[in-house]
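Today I am opening my notebook on aromatic rings and their surroundings.

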Amino acid sequence: MMEWILSACVLTAAVIGLRYALGGRIDPRLQYALWALVLVRLLIPVNFGWAPFSVGTSVPVSPGEEGQGLPTLSLDQGLTLLWLVGMAAVALWFAGSNLRFARQLRRSRQPVEVAGTRRPVYVTQAVESPCLFGLARPAIYLPPKILEDPEALRYAVAHETTHFRHGDPIWALLRGVCVALHWYNPLVWWGAVLSRRDGESACDEATIRTLGEAERGAYAR
């Protein structure tokens, strides 16, 4: 367990440091792909070596504590319980937030016909900017004001369609799982924020490649 935690910290810190060191000098899609290494390490608690140290075994038992028939909680067990409680709390918070948002979308959405996409498109007051939401059947949600600008509408739908092609709803779910598992680690929270930003940059770059380089300026505006 301890090796998993430490190796996850080291790898997350390394990718964060590399991200800032490169300063956007590599392809955004490659920069986003680096987070897959962190994702695997955070999700898979596999030890690559044998660690003889254990928190529980490092705490001596005082004479007289044994054989009294009283239930005792070792430090290992206490930390594990704390981890489980924190993980459950963060997971419930994420699940509750998403369920509440999904309910808001269902109550307020209106379907919109948009040429050039196979994804369901809705307009809703529940969002301030375009987004792709849903796992089983992701849909594109747009704020009403964007319908007033056909060019912005086309670019927004193209951007969210690229998110769908990249499987970003799944990546977002896995990112949430990582944060829940490692809720005690500020590096993981920081990495989650940065990886989401890198996902947006990678999506922008891929969308421009689909639209054509001639539209880069208009898309950026």
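Before I start, one cut-off: buried means under 20% relative accessible area, exposed means over 50%, and partly exposed is what falls in between. I also note that this is a predicted model.

**Ring pairs.** I looked up the aromatic pairs and found seven of them. I began with Y20 and W190, whose ring centres are 6.1 Å apart with planes at 40 degrees, so I wrote this pair down as tilted. Y20 belongs to helix α1 (residues 2-22) and W190 to helix α7 (residues 186-211), so I have a link between distant parts of the chain, 170 residues apart. I checked accessibility next: Y20 is partly exposed at 47%, and W190 is partly exposed at 39%.

**A second pair.** For Y155 and Y219, I read a centre distance of 5.5 Å and planes at 75 degrees, so this pair is edge-to-face. Y155 lies in helix α5 (residues 150-165) and Y219 in helix α8 (residues 216-220), so the pair ties together parts 64 residues apart in sequence.

**A cluster.** I also noted that W93, F94 and W189 are joined into a cluster by ring pairs.

**Charges over rings.** Back at Y20, I found R19 over the ring face, 5.5 Å from the ring centre. Elsewhere, R109 places its charged end over the ring of Y122, at 4.3 Å from the centre.

Notes. Residues numbered from 1 in each chain as written. Predicted model: local features only at pLDDT ≥ 70, side-chain atom pairs only at ≥ 80, totals over all residues. Heavy atoms only, no water. Phe/Tyr/Trp six-rings, centres within 6.5 Å; stacked < 30°, edge-to-face > 60°. Helix = DSSP H or I, 4+ residues; strand = E, 2+ residues; numbered from the N terminus. Buried < 20%, exposed > 50% of the residue type's maximum accessible area, 1.4 Å probe, protein only. Lys NZ or Arg CZ within 6 Å of the ring centre and 35° of its normal.
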